[in-house]
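I would like to know how its parts are placed against each other.

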Amino acid sequence: MFFNNKDVNSTKNDSLFLPQIGEKRLNLHLFLALISKRVIYVLSLLVIFEIFFKHMKVVFFSCLIFTLGVCSFAKGAELTVYSFRHYESDTLLFKRFTEETGIAVHLVKSKADTLLERLKAEGSKTRADVLITSDAGRLHKARAADLLQPVQSEQLNSRIPAHLRDPEGYWYGFTLRARVLVYAKDRVFPEELQSYESLSDEKWRGRVLVRSSSNIYNQSLLASIIASNGEQSAYEWAKSVRGNMARSPQGSDRDQMRAVAAGLADVAIVNTYYLGLLQNSESAKDRAVADKLAVFFPNQDGRGTHVNVSGAGIVTHADNVAGATQLLEFLASDAAQAVFPEATYEYPVVKSVEWSASQKQWGDFKSDSINLSKLGILNALAIRTFNTAKWE
Ligand SMILES: [Fe+2]
């Protein structure tokens, strides 16, 4: 022990500096010296611990901030996109978007109605941030079901023409398609064609092909006719065109063109990009079909040819609204817009972007400038009108 007499005595005997100090005083001095040593020792330990814990605190909070940062970055660095579009070029576009922004895109592809039902079922638990689908009728349906939220972006509003987007920003069109007449070059003179309405003329009896009325492209076309000519006139048109069909409605737009090329009918109503896909197909058979056909843009003397879009909106319960807005703005950029005409033969919605060779060959045209959201509003009436006119 430090304070026993033996220790004190031995210290006394060995000491050269305190021979005159009495034993009592010496003990006190030694005691104080030892206490000071002990205090210094304890204080040193405390300082060391203090410094250590201070550093630990800094290290701990740094880790916490870093972890939270990583978590929030990870959340902000990904987007889930539900898309009805099935083009490889879209996947490449998303890849380019990721390279430019660091935001990864998780793509979920499915049928249009399946995606809407899935969004409804998932509600606030959905992982989807963006919905991409074709036709303003469907986009409007998504808005009406409260599946989309409005987005205000100067960039989107300035680049996308007003009639190709929802007036309140719930969805934006990114690619444009015209629903045109294609005709058999060897049996029809273009001068014989004028408008959608002219297909109700008796001279086309047994010569027209159009797909089923359950198809949204036809529903939107009829909605545009209702908006222009009224419900009664649209009904009479649907009834007459159904009466002029070469067969009951069936198949896709491409099937109508194949049937016209095969001589089953002389004129069909189809979307432009399907003709582009046939014209530029790797299949010689497809190209032979396209060779027999030509495009006529109807209603050039009136309201213009019916056009529609495929477009996108931000999902109501999206986690990453900022990233979703960035993706929409990217799709409206020159770089993305330039991809669509070449890859899918859809028109760009941004006027200054160059068309593909096929589109240039089809020629310029005047398009109906009705706001496409109105076609969504009239969709239910269009379906009823088709049913009354017995267009299956
Ligand atoms: Fe399509």
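What covers the buried residues of α3? The cover includes the strands β1 (78-83) and β2 (104-109), together with the helices α12 (321-331), α13 (334-337) and α14 (339-343). Helices (H or I, at least four residues) and strands (E, at least two) are DSSP runs, numbered from the N terminus. A residue is buried if 20 or more other C-beta atoms lie within 10 Å of its own, exposed if 12 or fewer, and partly exposed in between, with C-beta atoms placed from the backbone.

The model is predicted: local features need pLDDT of at least 70, side-chain atom pairs count only at pLDDT 80 or more, and totals for chains, interfaces and linings use all residues. Residues are numbered from 1 along each chain as its sequence is written. The protein chain holds 17 helices and ten strands. Of its 392 residues, 39% are buried. Among contacts in the protein chain with a separation of 6 or more, 77% come from residues 24 or more positions apart; two residues are in contact if their C-beta atoms, placed from the backbone, lie within 7 Å.

Helix α3 (residues 88-101) has 14 residues and reaches 20 Å from its first C-alpha to its last, close to the 20 Å expected at 1.5 Å a residue. That expected span is 1.5 Å times one less than the number of residues. Buried in α3 are D90, L93, F94 and F97. These residues lie on the same side of α3 because they cover an arc of only 100° around the axis, the arc being that of the directions from the helix axis to the C-beta atoms. On the face turned away from the buried side, α3 carries the exposed residues E88, L92, K95 and E99. After α3 comes G102, with a positive phi near 80°.

Two residues other than glycine also have positive phi. D135, with phi near 80°, sits in the loop between β3 (130-134) and α5 (136-144). D135 counts as buried because it has 26 C-beta neighbours inside 10 Å. D146, with phi near 60°, lies in the loop between α5 and β4 (148-149). Here 13 other C-beta atoms lie within 10 Å, so D146 is partly exposed.

Further along is α8, whose 13 residues reach 18 Å from first C-alpha to last, close to the 18 Å expected at 1.5 Å a residue. In α8, A234, W237, A238 and V241 are buried. They cover an arc of only 100° around the axis, and therefore lie on the same side of α8. Their cover includes β6 (208-209), α7 (216-229) and α17 (379-388). Q232 also belongs to helix α8 (residues 231-243), but counts as exposed because it has 10 C-beta neighbours inside 10 Å. Between Q232 and T385 the C-alpha to C-alpha distance is 8.7 Å, although they are 153 residues apart in sequence.

Two packed helices are described by the angle between their axes and the distance between the axes. For helix α9 (residues 253-261) and helix α10 (residues 272-279), the axes come within 9 Å and cross at roughly 60°. Axes are lines fitted to C-alpha atoms, for helices over the stretch in contact, and angles run from 0 to 180 degrees between N-to-C directions. The contact is made by D253, R254 and M257 of α9 and Y274, L275 and L278 of α10.
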